Amino acid sequence: MRLEPLHDRFAVVVHDVDLRAVRLYPEIRAAFEEHSLLLFRGQQLDDESHTRLAKLFGPLENREQMAGHDDSFKVSTVSNVESDGSLTPEEALRHLDQQANMLWHTDSTFLPTPALVNLLMATVVPSTGGQTEFVSTRAAFDDAPGELQALLRHSFGIHQLTHSRNQVDPRLINLRHVSRWPDRAWRFVWPNPVNGREAIYTASHAYTVDGMPTDEGAAFVADLLTRCTKPLYRYTHEWTVGDVLIWDERAVLHRGRPWPYDEPRTLKSICCSATAADGLTAVRGGP
Ligand code: OGA
Ligand code: MN
């Protein structure tokens, strides 16, 4: 396994690994802890091998089960292709819901347990656009003034899915899968338990700060997101079919970019939930 940097602050390409063979997991996991974003090219994961790989990182995220339903796990498809093969119309709520992926975010901060990792693979890519962008919030934390670092270590963001969806289209907040999650509070700093590195933990789902007047808190989280997403911290991934990106939700923010919606784009995604071993206990707040 050979690593090559993609950015000077985080992110590497991992060469010479077939992700269907999982014997290199300890090395992959070490690179994940260290570099936050891993790119593997030319992969051929089907749902079964994708799921087998994801399971090594932690419990598979199953939102239906978290909401109290008895559904079995399914690999998520991030796509504008409908089951009958047609393309999702731009005015469809499903299209608008996926547009919310284009706001800077961390996956699943609105769930009772947030994600540790997303393993995302491209199966259909458009002729132009449709990139996924990442920023290192570990780099943003390191560069923040000491006073802000101290404040972040002791403050909690309040997250709710309706907040990010409302920014795209207010009709989205009435959808059952959007409105069913109550507020969640997460500390603004997630210390990595393996190497002690701290990273800013926030998302477009965060709408205020615990204990602050809502408006003041909203301004604080907006400024924090601007600070984290400066171009200097950013890596933009241009997808090729067979690319797999594996990222550390504790240490990066990401967003999708637009593409011509008369072209198909399909990514397969599996998130694993964070556990106590990943430092979850240190970031969990009230209410
Ligand atoms: C995701 C996501 C962005 C994209 O799958 O969690 O945010 O580029 N995807 O589709
Ligand atoms: Mn996402």
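**View 1. Seven strands form an open sheet of mixed pairing.** In this predicted model, the order of the strands is β1-β2-β3-β13-β5-β15-β4. Strands are DSSP runs of E with at least two residues, helices are runs of H or I with at least four, and both are numbered from the N terminus; two strands pair if DSSP finds at least two bridges between them. Strands β1 (2–5) and β4 (76–79) are at the edges and each has a single partner strand, so one side of each lacks a neighbour in the sheet. From one strand to the next the twist averages 25°. Residues are numbered from 1 along each chain as its sequence is written.

View 2. Four bridges join β1 to β2 (residues 12–15) in the antiparallel sense. P5 stands opposite V12 in β2.

**View 3. Two helices are set against the sheet.** Helix α1 (residues 25–35) touches β1, β2, β3 (37–40), β5 (115–124) and β13 (244–248), where contact means heavy atoms within 4.5 Å. The direction of α1 makes about 130° with that of β3. Helix α2 (residues 47–55) lies across β5, β13 and β15 (266–273), at about 30° to β15. Axes are lines fitted to C-alpha atoms, for helices over the stretch in contact, and angles run from 0 to 180 degrees between N-to-C directions.

**View 4. Three residues coordinate the manganese ion (ligand 2)**. H105 (NE2), D107 (OD) and H254 (NE2) do so at 2.1 to 2.2 Å; donors are N, O and S atoms within 2.8 Å of the metal (3.2 Å for Na, K and Ca), and water is not among the atoms, so sites may look incomplete. D107, in the loop between α4 (93–99) and β5, and H254, in strand β14 (residues 252–256), are 147 residues apart.

Key. Chains lettered and ligands numbered in written order. Predicted model: local features only at pLDDT ≥ 70, side-chain atom pairs only at ≥ 80, totals over all residues. Heavy atoms only, no water.
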